[in-house]
2 protein chains.
Amino acid sequence: MSEITEISSNKIFGGWQKIYTHNSSELKCKMNFGVFLPPQTEEGSVPVIYWLSGLTCTEANFIQKSGAQKYAAEQGVIIVVPDTSPRGLNIPGQEDSWDFGTGAGFYVDATMDPWKNNYRMYSYVTKELPALINEKFPTIPERQSIMGHSMGGHGALIAALKSPGQYRTVSAFAPISNPSKCPWGQKAFSGYLGGTHGDIAWKEYDAVELTKKYNGPPLEILIDQGTEDIFLKQSQLLPENLLAAAKETELRLILRLQEGYDHSYFFIATFIEDHIKHHVKHLKS
Amino acid sequence: MSEITEISSNKIFGGWQKIYTHNSSELKCKMNFGVFLPPQTEEGSVPVIYWLSGLTCTEANFIQKSGAQKYAAEQGVIIVVPDTSPRGLNIPGQEDSWDFGTGAGFYVDATMDPWKNNYRMYSYVTKELPALINEKFPTIPERQSIMGHSMGGHGALIAALKSPGQYRTVSAFAPISNPSKCPWGQKAFSGYLGGTHGDIAWKEYDAVELTKKYNGPPLEILIDQGTEDIFLKQSQLLPENLLAAAKETELRLILRLQEGYDHSYFFIATFIEDHIKHHVKHLKS
């Protein structure tokens with residue numbers, strides 16, 4: 001069905017960090033994604049963790065800065081890293097903001113013009129890309145999980161909450177936890193989905209709202225949040241709202257406040273080992 | 001004496017990755033450098049390792065991509081990362097090549113016009129910067145060592161070999177081991193130093209030549225070299241010449257050929273833990 005083309009391959013920690021490009025049918029454009037193949041894939045199939053990146057990122061940031069390959073090699077898991085929006089289109093306004101359009105797909109399926117034909121990142125990361133990965137790489141399809149940072153933390157949370165059973169677990173670094181109630185999320189949702197806070201379309205992509213109505217299998221969510229994160233202070237992240245919502249449910253949310261850490265990849269690098277171990281605990285159980 | 005200005009500070013692995021800027025008297029321009037302060041510096045002074053980067057790099061590459069902070073935090077060592085050339089000057093020709101001029105200082109003190117007033121990277125990294133670091137940060141000045149990558153591997157080797165006793169040990173990733181005999185080194189040396197191969201000025205900055213006449217205290221040199229490094233295949237690195245020279249001396253050279261690895265930071269990230277442990281063995285003995 002689908003062609004993928006390798007554009008780079010580097011040995012790291014005994015495995016291979018690769019970047020591919022392909023034509024996405026959901027997004028109707030060429031998309032890059034990263035795949036880390038641990039040495040265990042030479043022997044057979046392994047679980048897979050998806051990483052969703054934050055605003056302005058491409059697949060490169062996590063690959064170059066997180067240090068995740070060491071732990072993925074130790075634990076024997078594939079890590080897949082998609083880009084954060086469609087690329088190379090000519091949609092008016094796509095380059096006007098750093099927090100909307102290119103680099104800022106927000107992991108929703110847009111319903112508004114001029115975005116709705118291409119900005120289908122939710123379907124891309126939860127359906128098209130996993131199908132492609134399972135076809136092309138030695139994964140165990142029923143053992144997958146998802147994690148992310150900031151906008152990508154939002155993406156990981158909604159993916160796990162909207163598709164009960166598809167992901168064994170979920171974790172996030174400084175996620176946008178309640179997008180309907182923060183400036184970044186309100187800008188993205190009104191642009192991609194139209195309407196306003198309280199609309200059903202918004203609730204369908206808001207982790208706090210999805211938590212309230214979650215009725216799938218048990219899910220243990222790990223969130224790390226730096227206390228010196230400027231976007232926490234600006235009320236863009238609102239993890240307290242997610243914690244409050246989870247307390248009313250069967251979901252187990254472990255929210256760790258990390259003293260002195262900020263919103264950067266230095267914070268992610270420090271705690272990515274814990275996240276990968278959290279995922280592996282659920283992926284191999 | 002000298003002012004330094006902090007331009008960024010990020011918590012990572014319990015320590016602090018900082019970047020500073022200062023006015024260099026050797027280079028007569030503003031220079032950035034990175035300092036990782038491990039958590040142990042809250043209690044007292046610790047040893048310091050200098051990292052010298054390769055062609056086209058700034059201080060940022062190692063800081064963002066190596067993952068070294070984890071091991072420096074575990075072992076309790078400061079890591080200092082200078083830039084690779086003077087910056088912000090208006091020297092004719094400085095931007096013409098990626099392997100000469102800006103980003104390519106080659107860690108020599110130039111003697112040729114128009115470079116000789118500013119391109120004094122050898123004195124900068126071995127004298128001015130260490131004096132500044134020892135003045136401003138909690139180092140143990142007699143416990144320092146040096147490492148680097150590619151052009152910076154050359155820089156680390158010559159620094160250790162030219163100043164016996166100043167550095168407790170030295171290590172390198174894919175160093176330019178015999179610059180007088182490779183295209184990169186010949187271009188740099190003829191531009192910065194004038195003359196040609198065989199001239200005394202070239203021998204004074206060539207690790208193979210310096211190894212032959214080394215008569216300082218014992219020095220254990222660790223070098224990692226990827227077998228799939230394209231620059232190895234292009235005879236830019238020539239580690240075999242350094243190995244041959246070291247065999248005639250009291251120097252102990254451990255040259256590890258790493259199967260399948262290339263010249264990238266993915267290679268460095270994989271083995272930086274070994275290098276930091278090698279340094280700490282000598283720094284704390």
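**Close-up views of a predicted two-chain model**

Figure 1. Setting aside residues up to four places away in sequence, Gly226(B) is in contact with Leu232(B), Gln258(B), Tyr261(B) and Phe267(B). Gly226(B) belongs to strand S8 of chain B, which covers residues 220-226. The relative accessible area of Gly226(B) is 0%, so the residue is classed as buried.

**Figure 2. Salt bridge between Glu220(A) and Arg252(A)****.** The side chains of Glu220(A) and Arg252(A) meet with an N to O distance of 2.3 Å. The pair links distant parts of the chain, with Glu220(A) in strand S8 (residues 220-226) of chain A and Arg252(A) in strand S9 (residues 252-258) of chain A, 32 residues apart. The two partners fall into separate accessibility classes: Glu220(A) has a relative accessible area of 10% and is therefore buried, being under 20%, whereas Arg252(A), at 49%, counts as partly exposed.

**Figure 3. Salt bridge between Arg120(B) and Asp109(B)****.** In this pair the closest N and O atoms are 3.9 Å apart, which falls within the 4 Å cut-off for a salt bridge. Both residues are in the loop between strand S5 (78-82) and helix H3 (121-136) of chain B, eleven residues apart, and the pair links distant parts of the chain. Arg120(B) is partly exposed, with a relative accessible area of 24%. Asp109(B), in turn, is buried, with a relative accessible area of 11%.

**Figure 4. Salt bridge between Glu273(B) and Lys277(B), and its network****.** The side chains of Glu273(B) and Lys277(B) meet at 3.0 Å, N to O. Both residues belong to helix H10 (residues 265-283) of chain B; because they are four residues apart in this helix, about one helical turn separates them. Lys277(B) is partly exposed, its relative accessible area being 40%. Salt bridges with shared partners join Glu273(B) and Lys277(B) with Lys70(A) and Glu74(A) into one network. Side chains of opposite charge can pair when their charged atoms come close.

**Figure 5. Chain A as the setting for the close-up of Glu220(A) and Arg252(A)****.** The secondary structure of chain A consists of ten helices and nine strands. The C-alpha trace of chain A spans about 50 × 40 × 35 Å along its principal axes. Buried residues account for 62% of the 285 residues in chain A. Among contacts in chain A between residues at least 6 apart in sequence, 72% join residues at least 24 apart. The accessible surface of chain A amounts to about 10,500 Å², and 50% of this surface belongs to carbon and sulfur atoms. Chain A carries 26 positive and 31 negative charges, whose mean positions are 3 Å apart. Over all chains, a search of the whole structure finds 36 salt bridges.

Terms used. Residues numbered from 1 in each chain as written. Chains lettered and ligands numbered in written order. Predicted model: local features only at pLDDT ≥ 70, side-chain atom pairs only at ≥ 80, totals over all residues. Heavy atoms only, no water. Helix = DSSP H or I, 4+ residues; strand = E, 2+ residues; numbered from the N terminus. Buried < 20%, exposed > 50% of the residue type's maximum accessible area, 1.4 Å probe, protein only. Contact = heavy atoms within 4.5 Å. Areas by Shrake-Rupley, 256 points an atom, 1.4 Å probe, with all protein chains shown as cover. Lys, Arg positive; Asp, Glu negative; His and termini not counted. Charge placed at Lys NZ, Arg CZ, Asp CG, Glu CD.
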